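Here is a short briefing to read with the model open beside you.

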Amino acid sequence: EATLRLYRDPQRALAEIPTLRMLRERPDALRARAEALTARLATVGVVGCAVEPHAGAVGGGTYPEVALPSWAVVLPGDAGAEALAGRLRRGDPPVVGRIEGDRVFLDVRTVAPEEEDALVGCVGAALEATGS
């Protein structure tokens, strides 16, 4: 009911409903956030990350054919992308990335700015645990 009330004021809905806020974030802003996250990861000893363009999904099967231009922090897969992705999923909080080849992609569109500190900690812990 509260969410439906927000939709009565479109500007408020865009600002307060996380999914709508994520969907409308501009690619240039996402790239800046990905670069800042990569720099922060380097300061805690996570090296070898990259920032790459990424085609995200709108999600949940709602628009299965729609690719959403985004940017991702790409984690090195030195110890195996599957192992790293597994450690990230089992972390607290869990982090879900996408494996492509031997690397793990974290689409910054799906990370709220207030979640970035936790993300940096989780990635650092997961890479340390895999020996990367």
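The notes below walk through this structure topic by topic.

This is a predicted model, in which local features need pLDDT of at least 70 and side-chain atom pairs count only at pLDDT 80 or more, while totals for chains, interfaces and linings use all residues. Residues are numbered from 1 along each chain as its sequence is written, and side-chain values use heavy atoms, with hydrogens and water left out.

**Confidence**

- The protein has an average pLDDT of 88, and 94% of its residues score at least 70; pLDDT is the predictor's confidence in each residue, from 0 to 100.
- Helices (DSSP runs of H or I, at least four residues) and strands (runs of E, at least two) are numbered from the N terminus.

**Helix α4**

- Helix α4 covers residues 27–43, 17 residues in total, and spans 25 Å from its first C-alpha to its last. That is close to the 24 Å expected at 1.5 Å a residue, where the expected span is 1.5 Å times one less than the number of residues.
- Its buried residues are Leu-30, Arg-33, Ala-34, Leu-37, Thr-38 and Leu-41. Buried means under 20% relative accessible area, exposed over 50%, and partly exposed in between (1.4 Å probe, protein chains only).
- Seen down the axis of α4, these buried residues fall within an arc of 140°, so they line one face of the helix; the arc is that of the directions from the helix axis to the C-beta atoms.
- An α-helix has 3.6 residues a turn, so residues three or four places apart point the same way.
- After α4 comes Gly-45, with a positive phi near 95°.

**Pockets**

- A pocket here is an open set of points on a 1 Å grid over the protein atoms alone, where a 1.4 Å probe fits, with protein on both sides within 12 Å along at least five of seven lines; lining residues have an atom within 4 Å of a point.
- Of the 18 residues lining the largest pocket, Val-95, Val-96, Asp-107, Thr-110 and Val-111 lie nearest its centre.
- β1 (50–57), β4 (103–107) and α6 (116–130) each give at least two residues to that lining.
- The lining of the largest pocket has eleven nonpolar, four polar and three charged residues. Here Ala, Val, Leu, Ile, Met, Phe, Trp, Tyr, Cys and Pro count as nonpolar, Asp, Glu, Lys and Arg as charged, and the others, Gly among them, as polar.
- Residues lining the second largest pocket include Arg-33, Arg-109 and Val-111. Helix α3 gives the most to this lining, with three residues.
- The second largest pocket is lined by five nonpolar, no polar and five charged residues.

**Single residues**

- Asp-92 and Pro-93 are joined by a cis peptide bond, with omega about 5°; Pro-93 sits in the loop between α5 (81–89) and β3 (98–100).
- Ala-29 in α4 counts as partly exposed at 31% relative accessibility.
- Ala-83 belongs to helix α5, and at 35% relative accessibility Ala-83 is partly exposed.
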